[in-house]
Amino acid sequence: MTTNCEKCGSEKIIPDLQIYDQGQHSDTKLQVAFAGNPQATFFKEWVWGELRADICGVCGHTEIKATDPHILWKRYQESLEKK
């Protein structure tokens, strides 16, 4: 978790906020996705990571991070081995 704002140095950080997707058929969580096998027609081996944010209460600087980045990294590494 961020303790000080990288832009203004403030300690007024609102931590770990959920970022909402307001699309019509969304589960409301904003996510990133990585296709472990992008060339596949059907079984692309998708892996998803929810996005969260820390926001400075003074200047508004926002840091976005993915939950479970190790899962995304693992699928990425596996995709490189398939090339």
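This is a predicted model: local features need pLDDT of at least 70, side-chain atom pairs count only at pLDDT 80 or more; totals for chains, interfaces and linings use all residues.

Me: What do "buried" and "strand" mean here?

Reply: Buried means under 20% relative accessible area, exposed over 50%, and partly exposed in between, with a 1.4 Å probe and protein chains only. Helices (H or I, at least four residues) and strands (E, at least two) are DSSP runs, numbered from the N terminus.

Me: Over how many bridges does strand β2 pair with β3?

Reply: Two strands pair if DSSP finds at least two bridges between them. Strand β2 covers residues 31–35 and runs antiparallel to β3. Valine 32 has glycine 49 of β3 as a bridge partner. The number of bridges between β2 and β3 is five.

Me: Which residue in the turn of the β3 and β4 hairpin has a positive phi?

Reply: β3 and β4 run antiparallel and are joined by five bridges. The hairpin they form has five residues between the strands. In that turn, the phi of about 85 degrees belongs to glycine 60.

Me: Which residue meets aspartate 54 in a salt bridge?

Reply: A salt bridge is a side-chain nitrogen of Lys or Arg within 4 Å of a carboxyl oxygen of Asp or Glu. Aspartate 54 sits in strand β3 (residues 46–56) and is buried at 5% relative accessible area. Its salt bridge has an N to O distance of 2.9 Å. The partner is lysine 65.

Me: Is arginine 52 buried or exposed?

Reply: Aspartate 16 forms a salt bridge with arginine 52, with the closest N and O atoms 3.3 Å apart. That pair links distant parts of the chain, since aspartate 16 is in strand β1 (residues 13–18) and arginine 52 in strand β3, 36 residues apart. Aspartate 16 is partly exposed at 41%. Arginine 52 has a relative accessible area of 16%, so arginine 52 is buried.

Me: In β4, what is the bridge partner of arginine 52?

Reply: Arginine 52 is also the bridge partner of glutamine 18, and β1 and β3 pair in the antiparallel sense over four bridges. On the β4 side, the partner of arginine 52 is lysine 65.

Me: Which residue meets arginine 75 in a salt bridge?

Reply: Both residues of this pair lie in helix α1 (residues 69–82), three residues apart, about one turn of the helix. Arginine 75 is partly exposed at 22% relative accessibility. The N to O distance is 3.3 Å, and the partner is glutamate 78.

Me: Why is the pair of tryptophan 73 and tyrosine 76 described as tilted?

Reply: Rings of Phe, Tyr and Trp (its six-membered ring) pair if their centres lie within 6.5 Å; planes under 30 degrees apart count as stacked, over 60 as edge-to-face and the rest as tilted. The structure holds two aromatic pairs. In one of them, the rings of tryptophan 73 and tyrosine 76 have centres 5.4 Å apart, and the pair is tilted because the planes are at 40 degrees.

Definitions and conventions:
Residues are numbered from 1 along each chain as its sequence is written. Side-chain values use heavy atoms; hydrogens and water are left out.
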